[in-house]
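Q: Could you take a close look at one part of this model for me and walk me through how it is put together?

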Amino acid sequence: MNLFFNKKKENEPKAAIIKLRETREMLEKREKHLQAKIDNELLIARESATKNKQRALTALKRKRMLEAQLEKISGSLMT
């Protein structure tokens, strides 16, 4: 009869809270990593602006893509 009338586990809320904290920490870590990559791409774009315009444009495109990812992560952190 235990198959049909299982008791609810008491640790479910605690496990959910722990999982949410881990997810938030992972997202914050990813956010810092993306910000570092954005800064690096901006530096590459500035250095290459006069020498190699194609490289600078590519770096700016990557920067814009990374910023979009960062916005998605920031949005999921807010909710």
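A: The crossing of α1 and α2 is left-handed. Bear in mind that this is a predicted model, where local features need pLDDT of at least 70, side-chain atom pairs count only at pLDDT 80 or more, and totals for chains, interfaces and linings use all residues. Residues are numbered from 1 along each chain as its sequence is written, and side-chain values use heavy atoms, with hydrogens and water left out.

Helices here are DSSP runs (H or I, at least four residues), numbered from the N terminus. Helix α1 covers residues 12-48 and helix α2 residues 53-78; their axes (lines fitted to C-alpha atoms over the stretch in contact, with angles from 0 to 180 degrees between N-to-C directions) come within 8 Å and cross at roughly 160°. That makes α1 roughly antiparallel to α2 (angles over 145 degrees count as such).

As for α1 itself, its 37 residues should span 54 Å at 1.5 Å a residue, and the end C-alpha atoms sit 53 Å apart, which agrees. The expected span is 1.5 Å times one less than the number of residues.

Buried (under 20% relative accessible area, 1.4 Å probe, protein chains only) residues of α1 include L27, L34, I38 and S48, and the buried residues of α1 pack against α2. S48 counts as buried at 6% relative accessibility. Beyond its neighbours within four places in sequence, S48 is in contact (heavy atoms within 4.5 Å) with K53, R55 and A56.

Methods: Helix = DSSP H or I, 4+ residues; strand = E, 2+ residues; numbered from the N terminus. Parallel < 35°, antiparallel > 145°, perpendicular 65-115°, else oblique. Left-handed = near helix turned anticlockwise from the far one by under 90°. Buried < 20%, exposed > 50% of the residue type's maximum accessible area, 1.4 Å probe, protein only.
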